[in-house]
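Here's a quick tour for anyone meeting this structure for the first time. Have a look at the picture, then read on.

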Amino acid sequence: MYRFRVSTDEEIKENPVKCGEWIYGLNAGDKEYALFFGKIRNRFGVNDSISPDWEMMYSYHITVEDDTGNKFFFDVYHGAGGSSIATPLDKLTPDYEQAEKALIEYIESAEPTDYVWQGVYEDIPVNITYTVKDGKADIQSEFPEDLM
């Protein structure tokens, strides 16, 4: 059994996370990303990391604690490859893998919170709006006229 919470400032300083991997792999799309963000917001609220930059949309440093008091630290974020999770480089152990799996399952089991996020994917560039309402995601993309 695990408990999940936002990490304290002290925990973040002492346990930097750097080794990230995609949660959904290469076949995911914007609807999965939008719903996942809604689920994170449901579980952990809104924080100061939310950005209008699609490649740095959000970052949540999460502490997972097991029944024996062991703590595991993760950064759940939206990066250049979409929804991702990172662990400390020196802590890639089976216990960490199990805690990571439990954290993802915990997030995925939530109902997504309704929200609207507007941002830009600078590489193209394209303006993007994610809207999640009543558990459904709607994605709107607006390309600059000179790209059309």
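## The chain as a whole

The protein chain exposes about 8,500 Å², and carbon and sulfur atoms supply 49% of that area. Accessible areas come from the Shrake-Rupley method with a 1.4 Å probe, and for residues only the protein chains shown count as cover. Bear in mind that this is a predicted model: local features need pLDDT of at least 70, side-chain atom pairs count only at pLDDT 80 or more, and totals for chains, interfaces and linings use all residues. Residues are numbered from 1 along each chain as its sequence is written, and side-chain values use heavy atoms, with hydrogens and water left out.

What does the secondary structure come to? The protein chain has 3 helices and 8 strands. Read from the N terminus on, the elements go β-α-β-α-β-β-β-α-β-β-β. Helices (H or I, at least four residues) and strands (E, at least two) are DSSP runs, numbered from the N terminus.

How does the radius of gyration fit the globule rule? With 148 residues, a compact globule would have a radius near 15 Å, and the protein chain has 16 Å, which agrees. That radius is taken over C-alpha atoms, and the rule is 2.2 Å times the number of residues to the power 0.38. The C-alpha atoms fill a box of roughly 55 × 30 × 30 Å, taken along the principal axes.

Of the 148 residues, 43% count as buried. Buried means under 20% relative accessible area, exposed over 50%, and partly exposed in between (1.4 Å probe, protein chains only). Looking at contacts with a separation of 6 or more, residues 24 or more positions apart account for 56% of them; contact means heavy atoms within 4.5 Å.

On to charges: the mean positions of the 13 positive and 29 negative charges are 7 Å apart. Lys and Arg count as positive and Asp and Glu as negative, while His and the chain ends are not counted. Each charge is placed at NZ of Lys, CZ of Arg, CG of Asp or CD of Glu.

## Aromatic pairs

How many aromatic pairs does a search of the whole structure find? It finds 12. Rings of Phe, Tyr and Trp (its six-membered ring) pair if their centres lie within 6.5 Å; planes under 30 degrees apart count as stacked, over 60 as edge-to-face and the rest as tilted. Take F37 and Y115: their ring centres are 5.1 Å apart and their planes sit at 75°, so this pair is edge-to-face. The two come from distant parts of the chain, with F37 in helix α2 (residues 30-44) and Y115 in strand β6 (residues 115-121), 78 residues apart. F37 is buried, at 0% relative accessible area, and Y115 is buried too, at 5%.

Y58 and Y60 also pair up: with centres 6.0 Å apart and planes at 65°, they are edge-to-face. Y58 is buried at 2% relative accessibility, and Y60 is buried with 2% as well. Elsewhere, ring pairs link Y2, F4, F44 and Y106 into a cluster.

G82 sits in strand β5 (residues 82-87). Buried or exposed? G82 is buried, with a relative accessible area of 0%. Beyond its neighbours within four places in sequence, G82 is in contact with W22, Y33, W54 and Y77.

S83 is in strand β5 too, and at 1% relative accessibility it counts as buried. Leaving out residues up to four places away in sequence, S83 touches E21, W22, I23, Y24, Y33, F36, Y58, Y77 and H78.

L92 lies in the loop between β5 and α3 (94-108). Again not counting residues up to four places away, L92 touches C19 and T87.

## Out at β7

K133 belongs to strand β7 and counts as exposed, at 51% relative accessibility. D134 lies in the loop between β7 (126-133) and β8 (136-142). D134 is exposed as well, with a relative accessible area of 62%, and it has a positive phi of about 55° although it is not a glycine.

Finally, here are some C-alpha distances across the chain.

| Residues | Apart in sequence | C-alpha to C-alpha |
|---|---|---|
| G82 and I12 | 70 residues | 22 Å |
| L92 and V6 | 86 residues | 20 Å |
| K133 and V17 | 116 residues | 32 Å |
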